[in-house]
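Dear colleague,

I am passing on the model that we discussed, and would be glad if you could look through it alongside the notes below. They begin with the overall fold and then move on to particular residues.

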Amino acid sequence: MIKVVGDRFCVPYTMELLVKKKIQSFSNSHYDVFDTTGNILLQVDGGIWNLQKKRVMKDPAGLPVVTLREKQAISWKQEWQMHEGESRHCLCSVKRSGGFNIKSNLDVHLASPYKDAACDFRVTGSLASLSIKVRRGNSIIAEVTHSYTWGSYKGKECFKIKVYPEVDYAFIVALLVIMQENDNA
């Protein structure tokens, strides 16, 4: 089982998700995450261009699941931290692999006192290429495809996520949001 956010987001079967992103205003974007039957599973809110980049993922009851915060550091490698709920308890850090790459790969390091240089997960591809893959070692644990439509040009975008069995889908959605924020920065 690959759990980062929590056990309740790991299911024993391959899960298909639909993520709808809507830019609500110049400084606010919103993500809704649905299962294949149309049930809402998660929502992510947060601004696009504000001084403190912060996104809060909530469950259908409106309770905070994770908070994504961009670290304020002067670097070409944007770094985000994923915190449990709205606390400061860090679950992992996510950093762009390189500075100016066409493919903005992400390295994910789980929070651990025994930190080594190797990343625990890697996100490869880019939304510009219409797909990304999340890997743990050589194994693909999730895939994301971006569906361009006329709505994409009006601030409405749609993503399909395939999460493999026993993988934390809230964690995968959070990585998609971070990738989207990095690509739009």
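The chain holds one helix and 12 strands, where helices (H or I, at least four residues) and strands (E, at least two) are DSSP runs numbered from the N terminus. In sequence order the pattern is β-β-β-β-β-β-β-β-β-β-β-β-α.

Please bear in mind that this is a predicted model, in which local features need pLDDT of at least 70 and side-chain atom pairs count only at pLDDT 80 or more, whereas totals for chains, interfaces and linings use all residues. Residues are numbered from 1 along each chain as its sequence is written, and side-chain values use heavy atoms, with hydrogens and water left out.

Of the 185 residues in the chain, 47% are buried, meaning under 20% relative accessible area, with over 50% counted as exposed and the range in between as partly exposed (1.4 Å probe, protein chains only). Taking contact to mean heavy atoms within 4.5 Å, and leaving aside neighbours within four places in sequence, Met57 touches residues among them Leu42, Val66, Ala170 and Val173.

Among the strands, S8 (residues 106–110) is mostly covered, with four of its five residues buried. Strand S7 (residues 90–96) runs antiparallel to S8 and is joined to it by five bridges, where pairing requires that DSSP finds at least two bridges between two strands; within this pair, Cys92 stands opposite Leu110.

There are two aromatic pairs, under a rule by which rings of Phe, Tyr and Trp (its six-membered ring) pair if their centres lie within 6.5 Å, with planes under 30 degrees apart counted as stacked, over 60 as edge-to-face and the rest as tilted. One of them is edge-to-face, because the rings of Phe9 and Tyr169 have their centres 5.4 Å apart and their planes at 90 degrees. Since Phe9 lies in the segment before strand S1 (15–25) and Tyr169 in helix H1, the pair ties together parts that are 160 residues apart in sequence. Phe9 is buried at 4% relative accessibility, and Tyr169 is buried at 7%.

Best regards
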